[in-house]
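This report describes aromatic contacts and pockets. The sequence and structure are shown first.

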Amino acid sequence: MMPVKFGIGMLGYGFMGKAHTNAFKKIPYIFYPFPVEPELVAICGRDKANVRETAARYRYQKWTTDWREMIADDRIQIFDNTGSNDIHCEPCIAALKAGKHVIVEKPMALNLAEAWRMYRAAREAEEKGTKHLVAFNYRFVPALRLARRIIAEGCLGRIYHFRSAYLLDRLSDPTAPFFWRLNKERAGSGVLGDLNSHAIDILRFLLQTEINAVMAWNHTFISQRPGPNGDNCPVDVEDASMLWLKLTNGAMATLEASKVATGYKTVWRIEIHGSEGGLAFELSRGNELQFYTKSDPLHLQGMRTIHVTEPEAHDYARYWWPRGHGLGWEHYHIHMLEHFLRCIATGADVAPWGATFADGFRCQEVIEAALVSGEKGGWVDINHTQLE
Ligand SMILES: NC(=O)c1ccc[n+]([C@@H]2O[C@H](COP(=O)([O-])OP(=O)(O)OC[C@H]3O[C@@H](n4cnc5c(N)ncnc54)[C@H](O)[C@@H]3O)[C@@H](O)[C@H]2O)c1
């Protein structure tokens, strides 16, 4: 069977533009035989010289500084938006209207109003078979897929606690330069949208429950930073955020995110406790899942470490290396985009494994409520807007 060619139009050539391009290149030979051959048609960025150089380096056929050119290009069937948050909404809606399958990085939008418009456009496009994905790549960590399975099989019993601490020290140096993520107009929020969006999505994915109410404390420790012209730029988004959540299943959740967690490069701890057992995961030890069950004999009880690299037992392990040889951060993007391409080729649903624009919207509802709570204080109920 000859793979079907799908042209890729990539908005953004930065961190995520590179991660997604890397995935498209590797998918056909790692998942061989694979029904899709992604063709790198065009890449777009703001800086002419940089985007031209990157197009040559990544091997895109052409480059542009105007994303509209990619929407008009019939050779592009998949529009991948890895731009900064302020450039998610309009290009995604235009691409959906033009009949292209759309991937957008998280957080889906700058705010809930934008997320709603994007969701509506995706819902309409779905009628014509168009697929959409929000790049919540941690749904594709084999250890977290195992966690979801363990929870769904009831091994933890009734869930009491979900705890996430996503901690980086990237902004703990006050001389770290100002950039788009520190500007509300371009980012929508700070660590809330950047880090806690992942935590909100993985909570919904793992527990298969919704969030009823949120209480937030968002704080900016370093309120100005050196700008590109030697001036000082005001930081108007939070560099630390603490959320308390009431979950529909009756459980309590706390989500902490910080970029001033001195000494931590990237630490993401997820801990879940239920009536019958517990789970723990840490991103820098991504090949391991900690699992405790009360059903072990008393003298053997304790957290056990499961190395998720058994080809016969763990998701994705059979495609990669012999058992015991772990995967890393790049692989979660590869798995996510492999899933999306396969869904396009076979007509399968992106959900529940991938996050759709409906999931992106649900996440944005919580972010929006957390911003309100952070400003006004107290609990804020989540609307749970009807999504048909
Ligand atoms: N899933 C993850 O793990 C993860 C990790 C980091 C970032 N992200 C998300 O990915 C997105 C991009 O983040 P990044 O770190 O790659 O940013 P980046 O600054 O490295 O890249 C942003 C890109 O957007 C392009 N861009 C901005 N405005 C544009 C415009 N008007 N026209 C054309 N191009 C434009 C820039 O040229 C640049 O190439 C954000 O939404 C971010 O939250 C996700």
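A residue is termed buried under 20% relative accessible area, exposed over 50%, and partly exposed in between (1.4 Å probe, protein chains only). The model is predicted: local features need pLDDT of at least 70 and side-chain atom pairs count only at pLDDT 80 or more, while totals for chains, interfaces and linings use all residues. Residues are numbered from 1 along each chain as its sequence is written, and side-chain values use heavy atoms, with hydrogens and water left out.

**Aromatic contacts**

Rings of Phe, Tyr and Trp (its six-membered ring) pair if their centres lie within 6.5 Å; planes under 30 degrees apart are stacked, over 60 edge-to-face, and the rest tilted. This rule gives 13 aromatic pairs. One of them joins Phe 31 and Tyr 316 edge-to-face, at 6.4 Å centre to centre and 90° between the planes. Phe 31 belongs to the loop between helix 1 (15-30) and strand 2 (36-44), and Tyr 316 to the loop between strand 16 (304-307) and helix 9 (329-346), so the pair ties together parts 285 residues apart in sequence. Helices (H or I, at least four residues) and strands (E, at least two) are DSSP runs, numbered from the N terminus. Phe 31 is buried at 1% relative accessible area, and Tyr 316 is buried at 9%. Ring pairs link Phe 31, Phe 34, Tyr 316 and Tyr 319 into a cluster.

Trp 116 and Tyr 119 form a tilted pair, because their ring centres are 5.7 Å apart and their planes at 35°. Both lie in helix 5 (residues 112-126), 3 residues apart, about one turn of the helix. Trp 116 is partly exposed at 30% relative accessibility, whereas Tyr 119 is buried at 3%.

A charge sits over a ring if NZ of Lys or CZ of Arg is within 6 Å of the ring centre and within 35 degrees of the ring normal.

| Charged residue | Ring | Distance to ring centre |
|---|---|---|
| Arg 148 | Trp 353 | 4.9 Å |
| Lys 246 | Trp 379 | 4.4 Å |

**Largest pocket**

A pocket is an open set of points on a 1 Å grid over the protein atoms alone, where a 1.4 Å probe fits, with protein on both sides within 12 Å along at least five of seven lines; lining residues have an atom within 4 Å of a point. Of the 41 residues lining the largest pocket, the closest to its centre are Phe 15, Met 16, Thr 82, Trp 180 and Arg 181. Helix 1, helix 8 (191-207) and helix 9 each supply at least two lining residues.
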